[in-house]
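Work through the exercises below with the model open. Try each task before you read its solution.

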Amino acid sequence: IDDRRADDVLDERLAPILQRPAEQLRKRLAFGSAEAVTEKLIAFRDNGVQRMFVWPVADEIVQLQRFREEVMNRLDS
């Protein structure tokens with residue numbers, strides 16, 4: 001997902017569902033490009049997070065496959 005589309009999903013879907021300001025969620029959630037998600041997950045891991053919840057917001061199978069291929073592979077290295 002590109003950064004613009006990620007911002008649209010955050011503003012139009014996640015913020016209303018979670019009833020939180022988009023800027024607050026932007027700081028706390030791992031979303032966006034594979035690079036952005038990987039960076040956020042590494043920061044979470046480095047700060048002691050041991051589990052996370054993966055919540056695809058559209059095209060669930062495609063997003064989960066991309067997460068495995070583009071993010072998990074980066075985390076394993």
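**Exercise 1.** In which loop is the place of glutamine 19? Locate the residue, then describe its backbone and exposure.

*Solution.* Some ground rules come first. The model is predicted, so local features need pLDDT of at least 70 and side-chain atom pairs count only at pLDDT 80 or more, while totals for chains, interfaces and linings use all residues. Residues are numbered from 1 along each chain as its sequence is written, and side-chain values use heavy atoms, with hydrogens and water left out.

Step 1. Glutamine 19 sits in the loop between helix 1 and helix 2. Helices are DSSP runs (H or I, at least four residues), numbered from the N terminus.

Step 2. Check the backbone. Most residues other than glycine have a negative phi. Glutamine 19 is not a glycine, yet its phi is positive, about 55 degrees. This comes just after helix 1.

Step 3. Check exposure. Glutamine 19 is exposed, with a relative accessible area of 66%. Buried means under 20% relative accessible area, exposed over 50%, and partly exposed in between (1.4 Å probe, protein chains only).

**Exercise 2.** Describe the bend and the packing of helix 1 (3–18).

*Solution.* Step 1. Find the bend. Helix 1 bends by about 40 degrees at leucine 10. The bend at a residue is the angle between axes fitted to the seven residues ending there and the seven starting there.

Step 1. List the buried residues: Ala6, Val9, Leu10, Leu14 and Ala15.

Step 2. Find their partner. These buried residues pack against helix 2 (22–28). Contact means heavy atoms within 4.5 Å.

**Exercise 3.** Characterise the largest pocket.

*Solution.* Step 1. Its volume is about 800 Å³. A pocket is an open set of points on a 1 Å grid over the protein atoms alone, with protein on both sides within 12 Å along at least five of seven lines; lining residues have an atom within 4 Å of a point. Points are joined across faces, edges and corners, and a volume is the space filled by probe spheres set on the points.

Step 1. Of the 31 lining residues, Ala30, Phe31, Gly32, Val37 and Trp55 are the closest to the centre. Glycine 32 lies in the loop between helix 2 and helix 3 and is buried, at 18% relative accessible area.

Step 2. Helix 4 gives the most, with seven.

Step 3. By class, the lining has 23 nonpolar, three polar and five charged residues. Ala, Val, Leu, Ile, Met, Phe, Trp, Tyr, Cys and Pro count as nonpolar, Asp, Glu, Lys and Arg as charged, and the others, Gly among them, as polar.

How values were computed
1 Å grid on protein atoms, 1.4 Å probe; cavity = no way out; pocket = protein on both sides within 12 Å on 5 of 7 lines; lining within 4 Å. Helix = DSSP H or I, 4+ residues; strand = E, 2+ residues; numbered from the N terminus.
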